[in-house]
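Here are a few notes from my pass through the model, for you to read alongside the coordinates.

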Amino acid sequence: MAAETVSGTQQQSSDVTSFVLDNGLQVVVIPDRRAPVVTHMLWYKVGSADEDPGKSGIAHFFEHLMFKGTESHPAGEFSRRIAEIGGQENAFTSYDYTAYFQQVAPDALPVMMAFEADRMTNLILTDEVIGPERDVILEERNSRVESEPRSLLGEELDATLYQNHPYRIPVIGWMHEIEKLNRTDAIDFYRRYYAPNNAVLIVAGDVEAGEVRRLAQETYGKVPRGPDLPPRVRPSEPEQNTARTVTLSDPRVATPSFRKAWVVPSYTTAEDGEAEALDLLSEILGGGVRSRAYEALVVEQGIASSAGAWYQSDALDETSFQIYASPRGEATLQDVEKAMDAEIARIADEGVTEAELAAAKKRYVRSLIFARDSQSGMARIYGSTLTTGGTIEDIEKWPDRIEAVTAEQVRDAARRHLDQSRSVTGYLLPAGGDRS
């Protein structure tokens, strides 16, 4: 059994405790004793953006393979045990991480940890397992992407927005590359990335940190350390200096819409205060029914059925800021695009008011307070931050950093990053439709 190393790895912030086992696994405990429930969530620092060229989809494919059998437990036993005790489980893959979680009663935590530690290193991957699961992934792509024009356009927009970075490749993978994934690919991926020193365990709920520490030592502590991986340095984006458009016309589209995107810094890559300003810019511009875009296009002008913005802030590398809208009544797609562009120009020229900045800050800080009411929500916040270069201290200090953003910083973020001359616009049109 590997003992934990406490010196130099113990962190304490509020009630959150973090320690690292000798094999490199970081464990974070978030006590929440309001209900007899615990969320056990294991995050791996690998996602689709870490895949080798030509192997798109292997990260998501392997997420599925993790539910197959091990030397100790046949396929389906883990899920059956969770169902028998009324628990819940799921998994997900993103560009930057892959996570597996169970939500169960506290007395089931030892079993969850034992099962999860077992499949970290003992999966049985045969051709009889690989082939059928690959077919499942292909059908998933057919149903979620090929049959959804909006998803197809989203893939093409991303592939145009990122000229060099692997964020341009869909998480699920390209169809022709998924079809070629095989047992050798799966085993190589497993041996390279699925190891305790490339993972973060989040345990949130009705637990004691000392007990979690003991259980982690008895389960995950027995898993050998994996190979030391090099820093996660991906290809970077060149300077972008052209405006590009992507258009998809499809008979399955009833109502046209558009999306416009820019490459911008994430919390990991931004200068101090820059990502926070982009967060608040997205909230003020298009963060719901109180946003400028919604009030102007939907309420006042009545030309849009929807309008908004979002900022994918938790990426490991440079990320995207996007706006969207769909016309209503006699308005055209060109009308709503011009109106959205005008709202961006108004912020870049005139800035935002202190009142709307204060309201946006209040909504953002309140969202974190609400997140603390959800075990799984908090586990996701900590897991996504810690697997993309952030720290526990970053999470704890985030409200203060949001409060420190000035109106000038929000204006400057719009001026600097939402430059129409280097945007990518995606148009989704009915068959035979146009933007005018």
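1. One cut-off before we start: an angle over 145 degrees between two axes counts as roughly antiparallel. Bear in mind too that this is a predicted model.

2. How do helix 2 and helix 3 run relative to each other, parallel or antiparallel? The axes of helix 2 (residues 77-84) and helix 3 (residues 109-121) cross at roughly 165° and come within 11 Å. The two helices are therefore roughly antiparallel. As for the hand, the crossing of helix 2 past helix 3 is left-handed.

3. Who makes that contact? From helix 2 you have Glu77, Phe78, Arg81 and Ile82, and facing them from helix 3 are Val111, Met112, Phe115, Glu116 and Arg119. Sorted by class, this contact of helix 2 with helix 3 comes out at 5 nonpolar and 4 charged residues, with no polar ones.

4. Now have a look at helix 9 against helix 12 (residues 354-371). Their axes are 9 Å apart and the packing angle is about 105°, so helix 9 sits roughly perpendicular to helix 12. Helix 9 brings Asp279, Leu280, Ser282, Glu283 and Ile284 to the contact, while helix 12 brings Glu356, Leu357, Ala360, Lys361, Arg363 and Tyr364. The class count for helix 9 with helix 12 is 5 nonpolar, 1 polar and 5 charged residues.

5. Is Glu283 buried or exposed? Its relative accessibility is 10%, and buried means under 20%, so Glu283 counts as buried. Its side chain makes a polar contact of 2.6 Å with the side chain of Arg363. Setting aside neighbours within four places in sequence, Glu283 also has Ser291, Ala360 and Tyr364 among its contacts.

6. Last one: Ser56, in the loop between strand 5 (38-44) and helix 1 (58-65). Ser56 has a relative accessible area of 3%, so it is buried as well. What does its side chain pair with? There is a polar contact of 2.5 Å between the side chains of Ser56 and Glu177.

7. To complete the surroundings of Ser56, leave out residues up to four places away in sequence: the residues touched are then Glu51, Ile169, Gly173, Trp174, Glu177, Ile178 and Leu181.

Key:
Residues are numbered from 1 along each chain as its sequence is written. This is a predicted model: local features need pLDDT of at least 70, side-chain atom pairs count only at pLDDT 80 or more; totals for chains, interfaces and linings use all residues. Side-chain values use heavy atoms; hydrogens and water are left out. Axes are lines fitted to C-alpha atoms, for helices over the stretch in contact, and angles run from 0 to 180 degrees between N-to-C directions. Helices (H or I, at least four residues) and strands (E, at least two) are DSSP runs, numbered from the N terminus. Angles under 35 degrees count as roughly parallel, over 145 as roughly antiparallel, 65 to 115 as roughly perpendicular and the rest as oblique. A crossing is left-handed if the near helix is turned anticlockwise from the far one by less than a right angle, and right-handed if clockwise. Contact means heavy atoms within 4.5 Å. Ala, Val, Leu, Ile, Met, Phe, Trp, Tyr, Cys and Pro count as nonpolar, Asp, Glu, Lys and Arg as charged, and the others, Gly among them, as polar. Buried means under 20% relative accessible area, exposed over 50%, partly exposed in between (1.4 Å probe, protein chains only). A polar contact is a pair of N or O atoms within 3.5 Å; within protein, one must be able to donate a hydrogen and the other to accept it, and residues adjacent in sequence count only if both atoms are side-chain atoms.
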